[in-house]
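Thanks, everyone. Let me put the structure up, and then I'll walk through it piece by piece.

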Amino acid sequence: MVDRAGARSLATRTVRIGAFGGAAAARMAAIAASSPKSTRGTRLAAELARLMERLGGAFVKAGQILGTRVDLVGETVATALGRLHDSVEPMAPEEALRTIRAGLGLIPPEFVRAVGGPSVAGGSIACVYRAERGGRAVAVKVRRPGVGAAIAADMAVLRAAAVVAARLPALRRVPFMEIVDQVGDCLMAQLDFGAEAANLRRLHDDLAEMPGVVVPRPVPELSGDGVIAMEFIEGLDRGAIEALPARVREGQITSLVHAVYRMLFVEGFIHIDLHQGNTYFMPDGTVVLLDAGLVFRMSPEARERFTGFFAGMIRGDGEVCADILLSTVRRTDPETDIAAFRAEVSDLVVRNVGVVARDFDLPAFCLDLFDLQRKHRLYAEPEFIFPMLCLLTLQGLVKRYHPMMDFQLEAAPFVMHGLLVMSGATG
């Protein structure tokens, strides 16, 4: 049930989406009709990014994820959406100070000076400021006011759309509502800055031994509800990777992939938000990971299944992959041909074994898996959605900057380690 205040918020949000969306559609139609071909694409992409920024909430997050997938949306759109990674319009200083006061009580004078100046980054949930404290630089992340209500309303709109989609005959067995609820829960969890500070500490500790990967440490005594202070890392530049030599860049991508695989297969701790506002490539060859707000902890069962599925892909063992998918199915139709499903999954896996990142189309692979389950009337748990989202974002960077990497083979030692840990063979 939605209470009266929630209903008003939803109605307001729906009107806002309609108004901004309608105005943007009119502007885009005018651009398409009047702009020369040489500038039309750039102007349309800029208008799309502007619309997502104005809508805020879940729309900025969607734009950030799309901005990592040059292979899906093209260079022009990805470049325009790239601004949403860390250059969203900042909040007013008085809004930031109200949030800091609510979270910390007394506002450190260094923080007052920091928010009075320009922010160093602005994303969908928060703005980041640089403060000098005790002779060291500190990054101060401050939550935007009202962002929780916007995301909650966005998710309500998506739930309504999921109800409609689930009634379509071709999609009747897809667990849209559960997928939307899981994504919504994860987005709302970003608002809990206490949990994010703990996640950041865990990310730092778990990756401390990974060569070439840097995660800033949080500063607990300067953190509270709506405020996280952490080490400030100098020299972060989202565009720096373009100027690096190919050899350095490929080494950094490899380090990032290894860090993600360790978290995914060994720790069961998924960083879903690996866009280039949270992932920075430094001239010294290191990779900096920021922001642990959008993370997901897999259940032991889900981690074991996903790790086993990936192990089957690496070996080209489609039978194992099919068995794991079947183990996630809640119910089957009496007419389902299990043997045919197993054969088609096996064929899909074999066709994608050993394919380098340039040629491995992970979105298409995921859609093919979904289509096979739908075709054979198998109603599966949506437990693979978050690891797949993580890998989709990661693969966007790999395809762009290290296209000859064997995305699957690089996972092998981490998959093996994860399987050993889960079997109790290691400490």
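A definition to begin with: I call it a salt bridge when a side-chain nitrogen of Lys or Arg sits within 4 Å of a carboxyl oxygen of Asp or Glu. Please keep in mind that this is a predicted model. Arg-342 belongs to helix α13, residues 338-351, and Glu-319 to helix α12, residues 318-327, so the pair ties together parts that are 23 residues apart in sequence.

Side chains of opposite charge can pair when their charged atoms come close. How many salt bridges does a search of the whole structure find? The search finds 21.

Take Arg-130 and Glu-234. Their closest N and O atoms are 2.7 Å apart, and they form a salt bridge. This pair links distant parts of the chain. Arg-130 is in strand β2, Glu-234 is in the loop between β5 and α10, and 104 residues separate them. Arg-130 has a relative accessible area of 31%, which makes it partly exposed. Glu-234 is at 44%, and also counts as partly exposed.

Then Glu-221 and Arg-136. Their side chains meet in a salt bridge at 4.0 Å, N to O. Again, the pair links distant parts of the chain: Glu-221 is in the loop between β4 and β5, Arg-136 is in strand β3, and they are 85 residues apart. Buried or exposed, for Glu-221? Exposed, at 60% relative accessibility.

Now the domains. The chain is divided into domain 1 (1-86), domain 2 (88-234) and domain 3 (236-422). I'll stay with domains 2 and 3. Their C-alpha centres lie 25 Å apart. The contact takes 30 residues from domain 2 and 37 residues from domain 3. Between them, domain 2 and domain 3 bury about 3000 Å². Of that area, 63% is on carbon and sulfur atoms.

What about polar links across this interface? The rule finds 9 residue pairs in polar contact there, with both residues at pLDDT 80 or more. On the domain 2 side, α8 (176-189), α9 and β4 (213-214) each supply at least two of the residues that touch domain 3. Which of these elements gives the most? That is α8, with 7 residues. The rule also finds 2 salt bridges across the interface of domain 2 and domain 3.

Now look at Asp-291. Its side chain meets that of Lys-141 in a salt bridge, 3.1 Å from N to O. Asp-291 is found in the loop between β8 (287-289) and β9. It is buried, with a relative accessible area of 16%; the cut-off for buried is under 20%. Now its backbone. Most residues other than glycine have a negative phi. Asp-291 is not a glycine, yet it has a positive phi of about 65 degrees.

On to helix α9, residues 193-206. At 1.5 Å a residue, its 14 residues should span 20 Å, and the end C-alpha atoms are 19 Å apart, which agrees. At the start of α9, a side-chain oxygen of Asp-192 reaches to within 3.1 Å of the backbone nitrogen of Gly-194. Which residues of α9 are buried? They are Phe-193, Glu-196, Ala-197, Asn-199, Leu-200, Leu-203, His-204 and Asp-206. An α-helix has 3.6 residues a turn, so residues three or four places apart point the same way. What covers the buried residues of α9? The cover includes β2 (126-133), β3 (136-143), β5 (227-231), α10 (246-267), β6 (269-271) and β9 (295-297).

Last element: helix α15, residues 385-401. With 17 residues at 1.5 Å each, α15 should span 24 Å; the end C-alpha atoms are 25 Å apart, which agrees. Of those 17 residues, 13 are buried, so α15 is largely enclosed by the rest of the structure.

That's the tour. Questions, please.

Note on methods:
Residues are numbered from 1 along each chain as its sequence is written. This is a predicted model: local features need pLDDT of at least 70, side-chain atom pairs count only at pLDDT 80 or more; totals for chains, interfaces and linings use all residues. Side-chain values use heavy atoms; hydrogens and water are left out. Helices (H or I, at least four residues) and strands (E, at least two) are DSSP runs, numbered from the N terminus. The expected span of a helix is 1.5 Å times one less than its number of residues. Buried means under 20% relative accessible area, exposed over 50%, partly exposed in between (1.4 Å probe, protein chains only). Contact means heavy atoms within 4.5 Å. A polar contact is a pair of N or O atoms within 3.5 Å; within protein, one must be able to donate a hydrogen and the other to accept it, and residues adjacent in sequence count only if both atoms are side-chain atoms. Domain bounds come from an automatic or database domain assignment. Buried area is the accessible area (1.4 Å probe) that two parts lose on being put together, summed over both.
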